[in-house]
Each structure stands twice: as C-alpha cells, then as structure tokens.
Amino acid sequence: TAICFESASGKPCGASFPQIGSDSPGRVVFLSFPLDTVSFSGTPPNNEVVLLKNILNFLAPGANGAGSIFLNQSVYTVPDQVTVEMGDSDLIGAGHAQVTFSTSSSTNHVTITLNETTHPGLFRGFITLVSANAATNQLAVNNGDTISATYFDTSRGSNVIATATVDSVPPVITQVSSTTSIGSAVVNWKTSKPADSLVQYGESTILSYTAYAAQLTTNHSVTLTGLQANRDYYFQVTSRDAAGNTTVDDNNGALYTFTTVRAPQPPWFNDLENGVGDWSVVTDSTFGADLNWALGTPHNGLVTSAHSGINAWGSDLNGQPISFLADTYLISPVIDLSGLSQATLTFWDCFDFSQAPLEEGQILVSVSGNTNFTTMPVLADFSDLTSDDWELETLDLTPYIGQTVQIVWEYAGYFSGDQYYGWTIDDIGITGVTASGSGKIVITKNLGQGTFNLTGLISQSGNAISTTITNAPPGNYVATFSDVAFYQTPFSQTNTLTANGTINFTGNYTFIDANHNGISDAWENYYFGSAGTNRTQTTDSDGDGMSDYAEFIAGTDPTNAASKLIFVSTTVQTNRFVQLKWSAIPGRIYQLESSTNLVNWTPLTDWLQASASPVTYSGTNAVIGTRFFRVQVRP
C-alpha cells in the first residue's frame, strides 16, 4: 500500500506491506528516499515526526500498550466495505475488542466487535457503508461524510481515532480524443476529479486489448503501441476514482474509433539529416547500458564522418570502451511493401567485427509489428566480417512484399573493455518494382481453427476464416493448411495468378462420420473410446445441458460437466453500460446476439475469432427493460 507520494508527480515513493486486512508473518515499510530528507517542521502530516510515528504504528501496532487504529482506505464509496484494524498489546489473548463508528452528518453510532488475528494484540473487523436503512454491522452515510472509527484505550484513558471520507459520485468523462501515428495511438480525455486511466480497444467491437495507467489525474493520456498501420480500431475509456466509483465512456454505445497512419511506401530514402524521427533503439537491459545505438557524427576509429551529410547511426558512435556483454537493436520506421513485385534494401555501412572475443552484426526483419526479436527472420549476418571504409550493402526484401516491415540492425557481443568500432550505417533506402497487372488472392477456411500459409512471389500466413490479398504480383502461389485435431487436413493447392486476375484457395476441412450424427468419429473415439450408433446429436454424456454435438462444435469436454460454453460474468451499471464475458476456445468463431422476447434475435457483433479466453463484449444497452443475450459458436 502506498504511504507517501511525490509532491510534483503524485507518484508513490513509499509503500507498506501487507495491506490492511491481510495477514503476513511480518511487516515492512519501504521508502525510496532517505528519511532525513523529510522536513522536521513541515505541516502535519507532511513532516518527519508524523511519518515516523505512522511507520512505527504500522510495524508494531499497539506496542507498549499504546493503542493504534487503521482503516484499509482513506476514501470509500457507497455501498462499500470498511476493514478496520486495531492494535493494543494490553489486550493480547483477549480474543475480542470493540470499535465505534460514527459519521459527520449523523449522531448515530455503530459499535462492532473485532476478532484477534494471528498477530497477538492485533484485532480486525468489518462494517458496510450503505445509503439508508442500515442493518447490523452497517453504517448509513451520505456523500461527503467523514467517517470515524474510535477505540477507547483503557490503559491511557483516551480515544484513538482513524478517519476516512465518503465519495459516492463517479467521475465525469469529457473531451475524449485520439491522435495516431503508423503503429501507435494516444488517447486523451478529461475527468471531473482525479481518477485512473483505462483504454479498452480492438480491431472490432470485441475490445480484446487494454492499456492502463494507475496514477490518479484529471488529464488522461494513454499510449497504445503495437498497432497495425492503416487499420481501423474501436475503443472506449474508463476512469475510476480513489473510492472506486467508475465511469465508462463508450460514445453512447457506438464506441470511439481511430485509424492508424498508413506506412510510407517505396521508394523510401533516409539520409538521417532530419533527426531520429520514427527510428527507435532497444537495448537488452540484461547486459547493462554500456552500448546503445546513437545518431550523430561518428568518431570511432574507422570513420570520422558520415557517408553523406553529418549524421549516421552508430552502435558505438565514438568508439568508447565496452565491457562484458552488450546487445542493442536499431529499428527503422515502418515501410509498406504492398503493391510490389520486388523490393530491395540498400544502405552504406562501415564495421570491423574481428576485434572483440565475440562480435556479431545481424539484420532482422520485423513483419506486421512483430516486437519479438527472437522470432524475427534474419535477412543478413555480418558477424566476423570487416570493412575498411564505407561500403554499399544491397539486400533482397522480395519475400516480404505485400506486408509492412521494419528493418532491425542488431549489434551484440562479448567485449573485454577495449575500444571498439561498432557498426556505423547511413543513407538507408528501400526501392520496389510495382506489380504490373497485379491481382487478388482470396484464402478461405471452413473452420476458425487451423492456419494457412501462402508462398509465392509474396508470402503470408494467418488463421482468419477469410483473407483477401490485393495488389499481388502475377505468378505461381501455393497454399497449405495446418492440421486440426479430429479433422482431415485439406490438400495443398497451387494456383497461377494472371495479370489483373483473381485466384481462390479454399481450405475445406472434413471428418469421418460413420455413425452419421454430425460428430467426428475421431473426436468420439478420443473422448468415449468408440463412435457408437447410440450417440445422437441430442446425447448429453456429462449432463451439463450441452449435447455431445454442441460440445464438439464448441470445443468443450463432453466428459466434464464444468467444461461448457457459458457467460462467466455480466456487469450492468446504472447508465445501462453492459459488459459480458464468456468462456472461449482460441481459434473458434463467436457471435453475440440480443433479444427482448427470446424469439427474435439481433446480432450485436460480427462473427469474431477468439484469441484468448474469456472473450469480452462491452456496450450500452439501449433497451429499457428486460434484455436477453446469447452467444453462438462455430468450430
């Protein structure tokens, strides 16, 4: 639990463990600053005396018979549960103690009994805050109230008091906006009071991704990264204040949208004279920070000037000594290679990779926003090679046409502390040959499960049930489909795309069904040991309400009653905001529908492919009164 904050940023700079209401063998307080930096004469509670007193009370509650009392929060909403802890070493072994609660707007008092915890002399209890008609162990409060928990310390003859405030008003969200770049976006909004920041977003109305900032603020700015270029995204924003009051803004059910910027296309050239721009550097922190790519005029022992102009990228721009392991990546802007039949990367470089005990230089290709360096294909390996001066490098990017790419220069090695030259690059360009008479390739599957792999003049893989590739260069293409359990895999297919033509690849998965019940015999053999004629589409082997046929379609286990397609949570707020979550099998296709009479059903989503479980739908229920929801699934 945060116990102190920086005055400028509002960020936590001290914490205690465990939080109030939790048990632990011991207690600890961490401060990220020396205690003597806190003013001794500052206004309470912002002075050293109060801070140290609070720390000692937390570490040893009730020590020496001096009663102490804590609440688990400083602000609560309605309804809410308050956890109170009281410490008094005079009561070790007593088993029970009492604390009295009161509010600033009422003369009523509520006394609750606390039970002694596993920590001798530490007592804990709970009370629920309600708006009216308080029952046993409940306290009626109003917005803006101060609640007080009072313990009378008999040995000292005085009260010990802990206070908190009541805030039941959710924050108001206004001025939602977004700004985009090629692979990222920044979402901004304002709130009427300090609150945290959550953005839920996705490429459809199923918002599969989140970005979150915990700091409480009224001006919110959340950056979304790893986005696809030239792609539409849907999003909504959520803010929760310190009391837990939450507001969701989904643009009145329509969701907000933005479109990322399209990546530049060849011919593309960068002489590095206009600064860093969209280039980025990532250094593996495991190996320390001795080495980083930098932009500037090189003075590394091999070259003393850029190939052109004054700027070049250098992994060791000034030839500084390097110790131990180092690994650093230089990442180019995103480039769109669609509509080409050929693509070529050129750049000038200078290096000598023969100096260190181990020195490596590789060029990787990040395709469609891939950020995992270990899975990126290697375009070229310069390890153990040398160049005495600037040299022109020419590399083929044709295998990646039709996709967005980033070029990654990786420099790594084991260094002995001497001066090294590193890798210096300049004047980077990508050229392409426009696909003459380019055509269209359509790849479909009858299952959400499984993947396809297209090879030819362009290559692409994916798992969507329908994929359309435009601006494909004419030529021969081969499509293959992965195996799917309990199905027979489609044969690989070869087609020739002519100028301005269209070719189709269809992955038609089938299964053997000798007993004619619509279920794969292989699936029945796997779960039941046989594919008997007594199993029909209505048989429910585990009695969970889903037939074996439905379990086959949904991908659930027909021998486990707990394995079934169900809604795992539903949330309905007073502003008619609805959030539904249902269990899902990755790869399968789902559609959410709604009805007011259980007869006529309206789709709320397209058929959407699950990438994880559960799947979440968020939206505004425009219907006043009863509304029903159901979800359909396809294999």
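Is Ser315 buried or exposed? In this predicted model, Ser315 counts as buried because its relative accessibility is 0%.

View 1. The side chain of Ser315 reaches the backbone nitrogen of Trp423 at 2.7 Å. Beyond residues up to four places away in sequence, Ser315 touches Leu291, Asn292, Trp293, Tyr411, Gly422 and Trp423.

**View 2. Edge-to-face aromatic pair of Phe353 and Trp423.** The ring centres lie 5.5 Å apart, with 90° between the planes. Phe353 belongs to the loop between β25 (340–351) and β26 (358–367), whereas Trp423 belongs to strand β30 (residues 423–434); the pair thus links parts of the chain 70 residues apart. Phe353 is buried, with a relative accessible area of 1%, and Trp423 is buried at 0%.

**View 3. The largest nonpolar core, of 73 residues.** Ile363, Trp409, Trp423 and Ile441 have the most contacts inside this core. Leaving aside neighbours within four places in sequence, the contacts of Ile363 include Phe347, Leu395, Trp409 and Trp423. Another core, of 24 residues, lies apart from the largest one, and Val110, Ala149, Ala162 and Ala164 are among its members.

View 4. Ring pairs link Phe486, Tyr487, Phe511, Trp523, Tyr526, Tyr527, Phe528 and Phe552 into a cluster. The charged end of Arg535 sits over the ring of Phe528, 3.8 Å from its centre.

**View 5. Arg27 over the ring of Phe58.** The charged end of Arg27 is 4.6 Å from the centre of the Phe58 ring.

Methods: Residues are numbered from 1 along each chain as its sequence is written. This is a predicted model: local features need pLDDT of at least 70, side-chain atom pairs count only at pLDDT 80 or more; totals for chains, interfaces and linings use all residues. Side-chain values use heavy atoms; hydrogens and water are left out. Buried means under 20% relative accessible area, exposed over 50%, partly exposed in between (1.4 Å probe, protein chains only). A polar contact is a pair of N or O atoms within 3.5 Å; within protein, one must be able to donate a hydrogen and the other to accept it, and residues adjacent in sequence count only if both atoms are side-chain atoms. Contact means heavy atoms within 4.5 Å. A nonpolar core is a set of buried Ala, Val, Leu, Ile, Met, Phe, Trp, Tyr and Cys residues joined through side-chain atoms within 4.5 Å. Rings of Phe, Tyr and Trp (its six-membered ring) pair if their centres lie within 6.5 Å; planes under 30 degrees apart count as stacked, over 60 as edge-to-face and the rest as tilted. Helices (H or I, at least four residues) and strands (E, at least two) are DSSP runs, numbered from the N terminus. A charge sits over a ring if NZ of Lys or CZ of Arg is within 6 Å of the ring centre and within 35 degrees of the ring normal.
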